[in-house]
Amino acid sequence: MQTIINSQLPEFSVQAFQNGQFKTVTDKDVKGKWGIFFFYPADFTFVCPTELVDMAEKYEQFQAMGVEIYSVSTDSHFVHKAWHDASESIRKIKYPMLADPTGALSRAFGVMIEEEGMAYRGTFVVNPEGQIKVVEIHDNNIGRDANELLRKVEAAQFVATHTGEVCPAKWKKGEATLKPSIDLVGKI
């Protein structure tokens with residue numbers, strides 16, 4: 001299996017639903033800022049709305065960090081709108097909900113479940129240059145936590161601007177980092 005860490009965001013053009021509107025989102029729209037691709041199996045399900053609402057509740061914090069969130073499922077943009085209209089929880093979402101009915105984007109990110117026509121719960125953080133910096137893929141029975149993702153994005157942004165420093169386990173913004181050197185070997 002080949003990793004996609006540090007690979008370039010794939011080229012794509014998909015329909016999306018956002019703030020009561022349909023729009024087209026492409027890879028070119030993502031470049032120049034940090035982005036999170038948040039794949040989930042399907043609209044009108046059980047774990048998915050809990051995750052999407054969790055992300056919606058942190059959306060302003062992500063936006064303040066210069067990060068756009070893109071939720072992605074193999075549903076159409078019409079189904080995204082219907083879910084939005086039918087669910088009080090989903091109406092909280094302000095970020096673009098990308099439609100991937102052909103599964104092309106899910107395949108490009110390596111999360112497509114071919115026999116089900118749905119995606120695994122995949123999370124991908126992309127830097128402004130279009131490189132994938134964080135990858136996390138879960139079985140569909142395991143929900144994700146927006147707080148942990150927020151911490152990972154903060155760490156990715158920190159190391160992107162602080163050459164030679166790394167973030168240790170459980171690092172939080174403002175805490176001490178490490179500067180790898182021979183002097184640290186065996187002392188941590």
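**Close-up views of a predicted model**

**View 1. A charged side chain over a ring.** R144 sits over the face of F38, 3.7 Å from the ring centre. The model shown here and in the views below is predicted.

**View 2. C48, the annotated position.** The "active site" feature at C48 comes from UniProt, where the entry is unreviewed. C48 belongs to helix α2, which covers residues 47–64. Its relative accessibility is 1%. C48 is therefore classed as buried, since the cut-off for that class is under 20%. Leaving aside residues up to four places away in sequence, C48 touches Y40, P41, A42, W83 and R121.

**View 3. F44, a positive phi in a loop.** F44 is not a glycine, yet its phi is positive, near 60 degrees. Most residues other than glycine have a negative phi. F44 lies in the loop that runs between β3 (34–39) and α2. Is F44 buried, partly exposed or exposed? Its relative accessible area is 46%, so F44 is partly exposed.

**View 4. K170, a positive phi after α5.** K170 also has a positive phi, about 60 degrees, without being a glycine. The residue is placed in the segment after α5 (146–161). K170 has a relative accessible area of 70%. That value makes K170 exposed, because the class begins over 50%.

**View 5. The F17 and F22 ring pair.** How many aromatic pairs does the structure hold? There are 12 aromatic pairs in the structure. One of them joins F17 and F22, with an edge-to-face arrangement. The centres of the F17 and F22 rings are 6.0 Å apart, and the planes make an angle of 65 degrees. An angle over 60 degrees is why the pair counts as edge-to-face. The two partners fall in separate accessibility classes. F17 has a relative accessible area of 3% and is buried. F22 is at 37% relative accessibility and is partly exposed.

**View 6. An aromatic cluster.** Which residues form one aromatic cluster? The members are F12, F37, F39, Y70, F109 and F124.

Methods
Residues numbered from 1 in each chain as written. Predicted model: local features only at pLDDT ≥ 70, side-chain atom pairs only at ≥ 80, totals over all residues. Heavy atoms only, no water. UniProt positions renumbered as here; feature names shortened; annotations may be inferred. Helix = DSSP H or I, 4+ residues; strand = E, 2+ residues; numbered from the N terminus. Buried < 20%, exposed > 50% of the residue type's maximum accessible area, 1.4 Å probe, protein only. Contact = heavy atoms within 4.5 Å. Phe/Tyr/Trp six-rings, centres within 6.5 Å; stacked < 30°, edge-to-face > 60°. Lys NZ or Arg CZ within 6 Å of the ring centre and 35° of its normal.
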